[in-house]
Amino acid sequence: MATTDPYATGKFTDNPYACKSDVLGNLVVALQGRLATRGLLLITPPSRCVCRHQIHELILTDELEAAPGSVVNQIAYLGFFEVSEGGVLLRGDEVRLEGRLLGTVAGFDETHMPNHLNIVIHTPELRTGVEPAALPGQRICFRMPNIKEDKQMTIEEKLKELQIELPTPTAPLAAYVPVVVAGGWAYTSGQIPMVNGKLAAQGKVGGPVDEAAGNAAARICAINCLAALKSALGSLDRIEQVVKVVGFVNSAAGFTSQPKVINGASELIVQVFGEAGKHARSAVGVAELPLDAACEVEMIVKLKELPK
């Protein structure tokens, strides 16, 4: 039977995709392992449709010749993700994990269909899902390069892209206010990893709380700082620069990886604000924190001048 595939017959000489919406999802499994002779056969069509709630596999390769119709051998397994916003995946799409660029889509392998697609991503740094600490729940985004370069995204739009919903700020636990605005600066009080009125991580890091959970808790602290700032400022777009972040880690005896824990806050801030989020920082180990919280984070930000 003669093929009617316009890609296979050469009917498409130029990329027909002028623009498209982003495909979004969340990791559900992190994988580890590398193979040098995997033998993935990438299908000729350079695009595939994916629907909400489908689960597909992410595989990395550093082979420069990886492309539709080629065989890919050298790979690292990243993980599986569940689609939260469906659409069309296209060869060349940028792939970002928690805002961090992983690489670009090289093509698709259908070995395991109809169960799931293998989405092969070309990357200059071949690492498994364990090595970049890919964790279930982390956000993944597929988008055409430069699709939003003409229009600078607002912080609200960036938060939506990262699937971050700012909570209602937690009421102060003692005699203080969540944010003080003075002389073009805003200073937050320390925020602990509260989610819906409950601590997401309680106890000492390096003890009952492992490093990865501490990192995730620091990220929640940063989100709570942003929620407090938005409540005080009206809009996070008033922030010109995140200047300083201070992180406190409720540390077990002998635990010395406080910087890796507070990276959870720092990476979130840079994902949201980009260059304006790059900040000075302290990461301090302490014996105790309020409510036995695993960590606490505070921020200092410089504000844009209001128009006169």
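The side chains of Glu-94 and Arg-96 meet in a salt bridge, with N and O 3.4 Å apart. Here a salt bridge is a side-chain nitrogen of Lys or Arg within 4 Å of a carboxyl oxygen of Asp or Glu. Glu-94 is buried at 16% relative accessible area, while Arg-96 is partly exposed at 24%. The cut-offs are under 20% for buried and over 50% for exposed, with partly exposed in between (1.4 Å probe, protein chains only).

A quick word on the model: it's a predicted one, so local features need pLDDT of at least 70 and side-chain atom pairs count only at pLDDT 80 or more, while totals for chains, interfaces and linings use all residues. Residues are numbered from 1 along each chain as its sequence is written, and side-chain values use heavy atoms, with hydrogens and water left out.

Back to the salt bridges: the count comes to 13. Three of them are set out here.

| Pair | N to O distance |
|---|---|
| Glu-94 and Arg-96 | 3.4 Å |
| Arg-52 and Glu-85 | 3.4 Å |
| Arg-139 and Glu-98 | 2.6 Å |

Take Arg-52 and Glu-85, which form a salt bridge. Arg-52 sits in the loop between β4 (47-50) and β5, and Glu-85 in strand β7 (residues 75-85), so the pair ties together parts that are 33 residues apart in sequence. Glu-85 is partly exposed, at 38% relative accessibility.

Then there's the salt bridge between Arg-139 and Glu-98. This pair links distant parts of the chain, 41 residues apart: Arg-139 is in strand β12 (residues 139-143) and Glu-98 in the loop between β9 (94-97) and β10 (100-109). Both Arg-139 and Glu-98 are buried. Elsewhere, salt bridges that share partners join Asp-22, Arg-143, Lys-158 and Glu-161 into one network.

Zooming out, the chain has three helices and 19 strands. These are DSSP runs numbered from the N terminus: H or I of at least four residues for helices, E of at least two for strands. Of the 308 residues, 44% count as buried. The C-alpha atoms fill a box of roughly 80 × 55 × 30 Å along the principal axes.

As for the surface, Val-28, Val-29 and Ile-55 make a nonpolar patch of about 190 Å². Patches take residues with over 30% relative accessible area and no salt bridge, joining like charges within 9 Å and nonpolar side chains (Val, Leu, Ile, Met, Phe, Trp, Tyr) within 5 Å; areas come from the Shrake-Rupley method with a 1.4 Å probe. Ile-55 belongs to strand β5 (residues 55-61) and is partly exposed at 37%.
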